[in-house]
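Visitor: Please show me the model, and then let us go through its side chains by question and answer.

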Amino acid sequence: MAASGKSMETIHALLEAEKEAATVVEKARKERDARLKQAATEAEAEINAYREAKEKEFLAEVEKYQGSSGDWAKQIAEQTETLINKTQTFSKGKMDEVVAMLVKVVNTVDTSYEK
């Protein structure tokens, strides 16, 4: 009977050790999961910070070129207006000469006949 009492104590000790091991393993799993979640959160924050920095750089570049394209458009519009005004002024000044030349050509008929 003494042997069976020792067996029962040993079995009881093994069951207690198994419960304790299961508790330790469960605690380790929970800690690992918590570390993984924390790492994922930190990585996401770092990714978002990087994304924001790159987006700011991109927007600064876009703004730089959009601002200059507005200046170019204004400059081109001014140059176009100047050229139109010069052309109109020039054509008004030459209009009388052109009309006189056309009238002369139309009124001058070559009546000579060559064989």
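Guide: A salt bridge here is a side-chain nitrogen of Lys or Arg within 4 Å of a carboxyl oxygen of Asp or Glu. This is a predicted model, in which local features need pLDDT of at least 70 and side-chain atom pairs count only at pLDDT 80 or more, while totals for chains, interfaces and linings use all residues. Residues are numbered from 1 along each chain as its sequence is written, and side-chain values use heavy atoms, with hydrogens and water left out.

Visitor: How many salt bridges does the count come to by this rule?

Guide: Side chains of opposite charge can pair when their charged atoms come close. With the cut-off applied, the count is three.

Visitor: Which residue forms a salt bridge with Glu57?

Guide: The closest N and O atoms of the pair are 3.5 Å apart. The partner of Glu57 is Lys54.

Visitor: Is Glu57 buried, partly exposed or exposed?

Guide: Buried means under 20% relative accessible area, exposed over 50%, and partly exposed in between (1.4 Å probe, protein chains only). The relative accessible area of Glu57 is 45%, so Glu57 is partly exposed.

Visitor: What is the N to O distance in the salt bridge of Glu97 and Lys94?

Guide: Glu97 and Lys94 are three residues apart in helix α1, which means a separation of about one helical turn. Lys94 is partly exposed because its relative accessible area is 34%. The N to O distance between the two side chains is 3.8 Å.

Visitor: Which residue forms a salt bridge with Arg32?

Guide: Arg32 has 43% relative accessibility and so counts as partly exposed. The closest N and O atoms of the bridge are 3.5 Å apart. The partner is Asp33.

Visitor: Which residues make the nonpolar surface patch?

Guide: Patches are made of residues with over 30% relative accessible area and no salt bridge, with like charges joined within 9 Å and nonpolar side chains (Val, Leu, Ile, Met, Phe, Trp, Tyr) within 5 Å. Areas come from the Shrake-Rupley method with a 1.4 Å probe, and for residues only the protein chains shown count as cover. Met8 lies in helix α1, residues 2–107, and counts as exposed because its relative accessibility is 57%. The patch, of about 310 Å², is made by Met8, Ile11 and Leu15.

Note on methods. Helices (H or I, at least four residues) and strands (E, at least two) are DSSP runs, numbered from the N terminus.
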